Amino acid sequence: MDSAVSELLVEDESQLQAWQTDRSRAPIATKIVVAGGFGVGKTTLVTAVSEITPLQTEALMTQASADTDDLSGTPDKTTTTVAMDFGRITLDDDLVLYLFGTPGQQRFWFMWDDLVRGAIGAVVLADTRRLSDCFPALDYFESCGLPYIVAVNHFEGSERFEVPDVREALTVPPHIPVLIMDARQRISVIESLLALVGHALDATPE
């Protein structure tokens, strides 16, 4: 075998996870849904943390959506998710999280039932400038009984609020974790995902 090819294979193997090289170690695969209102940062979250090139279904926004998509809070937004975002991250050697980002606009909500099937829980992203936009996601996960956490994604120039204030504004029950995070920062996203996994285990220990 060519030495250059051998070196490349060794280098590639060094990037693999333990469960990818040891056939006796089956990974624990879990599905997580990332939901929230339009333009709240779902695609950014999946992109920031995914160890693979994320699958995105971004489409350019046109004048046809001007009457239905409120851009007042995100004036620079030019694309929107029309189906889902998908990414993967491996935690703790063999715990693999598969992330599915939902579309935010009401006209795409019919896809949610399919996207959440088999999920252990959901991260509901909230923007303090438009807190009411996450109410549909909160109502949805409450009604279907899927464990969820609320992650406040602060945007530049937005007013900062403490967790108790957000919890009160959204009337989130005391047992639901509420945290402040930055969807652009990998470590912040990982902390949020770990919080969800822990909450899901507490809610459904079996």
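Is Tyr98 counted as buried, partly exposed or exposed, and at what relative accessibility? At 26% relative accessibility, Tyr98 counts as partly exposed, where buried stands for under 20% relative accessible area, exposed for over 50% and partly exposed for values in between, with a 1.4 Å probe and protein chains only. The model is predicted, so that local features need pLDDT of at least 70 and side-chain atom pairs count only at pLDDT 80 or more, whereas totals for chains, interfaces and linings use all residues. Residues are numbered from 1 along each chain as its sequence is written, and side-chain values use heavy atoms, with hydrogens and water left out.

A search of the whole structure finds six aromatic pairs, a pair being rings of Phe, Tyr and Trp (its six-membered ring) whose centres lie within 6.5 Å, with planes under 30 degrees apart counted as stacked, over 60 as edge-to-face and the rest as tilted. One of them is the stacked pair of Phe86 and Tyr98, with 6.1 Å centre to centre and 10 degrees between the planes. Because Phe86 lies in strand 3 (residues 79-91) and Tyr98 in strand 4 (residues 95-101), this pair ties together parts that are 12 residues apart in sequence; strands (E, at least two residues) and helices (H or I, at least four) are DSSP runs numbered from the N terminus. Trp112, Tyr140, Phe141 and Tyr148 form one aromatic cluster.

In helix 6, which spans residues 163-170, the buried residues are Val166, Arg167 and Leu170. Seen down the axis of helix 6, these residues fall within an arc of 100 degrees and so line one face of the helix, the arc being that of the directions from the helix axis to the C-beta atoms. The face turned away from this buried side carries the exposed residues Pro164 and Glu168. The buried residues of helix 6 pack against helix 5 (135-144), strand 6 (148-153) and strand 7 (178-181), contact meaning heavy atoms within 4.5 Å.

The loop between strand 7 and helix 7 (186-203) holds Asp182, and Ala183 is found in this loop as well. Asp182 counts as buried at 17% relative accessibility, and Ala183 counts as buried at 1%. Leaving aside neighbours within four places in sequence, Asp182 is in contact with Asn153, Ser188 and Val189. With residues up to four places away in sequence not counted, Ala183 touches Gly41, Thr44, Leu45, Ala48, Asn153 and Val189. The C-alpha atoms of Ala183 and Val49 are separated by 8.9 Å, although these residues are 134 residues apart along the chain.
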